[in-house]
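Hi,

Here is the structure I promised to pass on. Have a look at it first, and then read on for what turned up.

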Amino acid sequence: MTNLAVVLRYVRTHAPCSRADIAASTGLNKATVSSLVADLLERQLLRDTGLAENRIGRPAAMLTLQSRPYAAVGLEVAADHLAVVAVDLTGERLLTWRRAYPGLDGAPGRAEAAIAALAGRVVAKMTGQQRRVLGLTVAVPGLVGADGGVRFPAHLGRPDLDLGAALERGLRRPDYRVVVDNAANLAALAEYRAGAEADTPDLISLVGGTGVDAGIISEGRLLRGGRGFAGQAGHLQVDCDGPACRCGRRGCLEAVAGLPALVRRALPDTEADGPITDYAPELERIIALARAGDARVTEVLAETGRLLGRGVSTLAELLDPSVVVLGGTFATLAPWLLPAVEAEVKSRTAAPGEPGFRVAVSALAADAAATGGAMLALDRLEAGYLPAPA
Ligand SMILES: [Zn+2]
């Protein structure tokens, strides 16, 4: 991290704060801090909020992050809609959009064009507000190569997508950074930057949906692995006698705790009506039945929670997080899943008493991945990639 980024990060996590506070906490000397702060003020990343009494009673100039003139944008490609979130430098939300789109199965190039067109509209909206876009991140439910190419999981039934190139074309060589990233990674970043467990440096986000994916924050950074494919938690085996998984093995976390598996066991009559393409109504039915105390549904949810707890324990044993945050459908169903998850985690802990980590429920709405996408551009500032002075 450069010294500029060190100061920027300190102000983000401690604002409002004075130059003396920064010097005392970062170990940089006062003259260095003053010149770094002058640079950040010139780049319009910091703002001087005027004088305030400091701890020893002397007035000092207080600094915060500048909310203008920047914006960062995240766009999530979900199964049947696109979600967009834009934030300012402080992480404050500027815009939230949700749009239907043809999905990934339409004519070749159609989904890419819809994604690029929406990205173009949100960027135009931000520049219309005299904001400079720091970065645009597109969150996808697949494995993303270094070139922005996307490999989708088999159950989405579509070929790979050259999304990075399509965006560069559609946005006409943008002057901001365009990134395509895995949705689970970005959801983890959203938890770390904006969730109820924000700033917990060792955090795992485990998100349920039609698949199950993890995003791992280790020592305050996303853990990506050698090829960027870390966090594929959906195929951890949690039940060796469990149902067959689409990957060819048995009893994977996804095959027992993914939404299709849950619907199959909780609502065995639904598949008789043909294959399910939209799980939202089924999820609503499961919640309604659980609220009414339906014996089958509450039993299925408790069993799912127990197996989910096994997956959580395995991840925690390998990665030693302070907290595992359950998101997506796991958060929606938390009232019925969490007691069983916690009981299983406790029973599997090697040390007596409490496990060394907490299981928490995500407080972020369904647009966690889009939020994380916007946060990725902010995160990059703290890795030392700062915009040039205007
Ligand atoms: Zn599997």
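His 235 and Cys 252 sit 17 residues apart, both in the loop between β13 (221-222) and α7 (253-257). Helices (H or I, at least four residues) and strands (E, at least two) are DSSP runs, numbered from the N terminus.

This is a predicted model: local features need pLDDT of at least 70, side-chain atom pairs count only at pLDDT 80 or more, and totals for chains, interfaces and linings use all residues. Residues are numbered from 1 along each chain as its sequence is written, and side-chain values use heavy atoms, without hydrogens and water.

Cys 252 is buried at 1% relative accessible area, while His 235 is partly exposed at 22% (buried is under 20%, exposed over 50%, partly exposed in between; 1.4 Å probe, protein chains only).

Then there's the sheet. It is open, with five strands in the order β13-β12-β11-β14-β15 and mixed pairing; two strands pair if DSSP finds at least two bridges between them. At the edges are β13 and β15 (358-361), each pairing on one side only. β11 (residues 203-208) and β14 (residues 323-328) run parallel, joined by six bridges, and Gly 208 stands opposite Gly 328 in β14.

Cheers
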